[in-house]
Amino acid sequence: MSAILVLAEHLKGEVSEISFEMLGAARKLGDELKTPVLAVALGRDASAVAAKLGAADSVLVVEDAALEVPTVEVTGPVIQQLMEQKQAAIVLIPGTNLAWGLGAKLAALTKLPYVNFCHGLKVDNGAVMVTSQLYGGKIMADVPLAGNRGILCVLPGSFPPDAGKSDKAATIEKPAVNVPAPKVVFKKYIEPAGGDVDITKQDVLVSVGRGIQTQDNIALAEELAGVLGGAVSGSRPVIDQGWLPLTRQVGKSGMTVKPKLYLALGISGAPEHQEGMRGASLIVAVNTDPKAPIFDIAHFGTTTDLFELVPALKEAIEKRKQGA
Ligand SMILES: Cc1cc2nc3c(=O)[nH]c(=O)nc-3n(C[C@H](O)[C@H](O)[C@H](O)COP(=O)(O)OP(=O)(O)OC[C@H]3O[C@@H](n4cnc5c(N)ncnc54)[C@H](O)[C@@H]3O)c2cc1C
């Protein structure tokens, strides 16, 4: 019976959310197709990572220092061998900076079709249908997967991660594979500039866009974030202007965030921005343009001028906190 492989992404021992998203989506697909779901954990500490992947039917572990970072030239042939051993017809890989490029390499090695920017997966009368997000989200294309075979590169934020998490003890397999010698060698991991907040871990984000007008006005958002117990993030133009550090950028070329509250101030909601924040539990948009696309995904919105709203909101929250 053919299998579905899911490449687990991990960094410094932490399994990233996209891995659980993919596992959950694969689990659903596997149940419908009556096909086993096998997670793949590669790298020096792959066994420790594998223990967290109990949602898979089993985890294929290849522990090798050459797989420490998923370099395409090494990871590609290793996954190809695992596919052959397990007769895998569908492989899910994360559409992230770590694994980008691997899908195309794998498709070339296996001659299987490759669907990038995978945002949805379903089975229709036994046939797998993949929704691919094109042009930064302007077009959603439904792609039938011929013969239910293919390499899928999954966009982070497309599936609920909880569906891929399980307390079940993982069944570990250690298949014998030939790991090619890497031409690129991992030397050390360099942390991004320290001292800044990690916006991916915040429950509350007050996010500013070009509507904030000047760097000085960012203080308004900082004050509001302060009373809400959150942090300030921004759209790309705000970061490009140097008004906030790169670590605060939300979107396609920035961070993917999932706070409990995302307050978008003066952000139009371009597809590239939405890509990084549409997974927030509650989106509140403040934008003077009623036709701004941010309102398409916001749970609540107002066309009030942010410069009127923000000080009034801050004052109201402070009063409420003081019990007035
Ligand atoms: C390959 C690629 C990658 C990209 N990556 C990213 C990314 O990671 N993140 C990202 O954000 N963008 C990204 N972009 C850019 C993206 O396309 C948009 O240009 C950008 O998101 C727009 O930012 P904005 O909403 O702040 O500005 P604008 O689109 O200019 O919107 C400003 C909004 O503020 C509103 N406004 C103005 N004054 C006020 C006021 N006083 N009160 C209330 N509202 C007001 C306006 O009505 C307007 O809707 C990327 C683009 C490309 C091509």
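Helices (H or I, at least four residues) and strands (E, at least two) in these legends are DSSP runs, numbered from the N terminus. The model is predicted: local features need pLDDT of at least 70, side-chain atom pairs count only at pLDDT 80 or more, and totals for chains, interfaces and linings use all residues. Residues are numbered from 1 along each chain as its sequence is written, and side-chain values use heavy atoms, with hydrogens and water left out.

**View 1. The largest cavity and its lining.** Here a cavity is a set of points on a 1 Å grid over the protein atoms alone where a 1.4 Å probe fits but cannot get out, and lining residues have an atom within 4 Å of a point. Grid points are joined across faces, edges and corners, and a volume is the space filled by probe spheres set on the points. Helix H7 (residues 271–277) gives the largest share of the lining of the largest cavity, 3 residues. In total 13 residues line this cavity, and Pro156, Gly157, Glu275, Arg278 and Gly279 lie nearest its centre. Its volume is about 60 Å³.

**View 2. The largest pocket.** A pocket is an open set of points with protein on both sides within 12 Å along at least five of seven lines. This one holds about 1,800 Å³ of space. Of its 41 lining residues, Glu9, Leu11, Thr200, Met255 and Thr256 lie nearest the centre. Strand S3 (14–15) and helix H1 (17–33) are the elements that give two or more residues to the lining, with the largest share, 3 residues, coming from H1.

View 3. Strands pair if DSSP finds at least two bridges between them. S5 pairs in the parallel sense with strand S4 (residues 37–42) over 5 bridges, where Val40 stands opposite Leu60. S5 also runs parallel to S11, joined by 2 bridges, and there Leu60 stands opposite Glu173.

**View 4. The hairpin of S8 and S9.** Strand S8 (residues 127–134) and strand S9 (residues 139–144) pair in the antiparallel sense over 6 bridges. Val130 has Val143 in S9 as its bridge partner. The hairpin has 4 residues between the strands, and Tyr135 takes a positive phi near 50 degrees.
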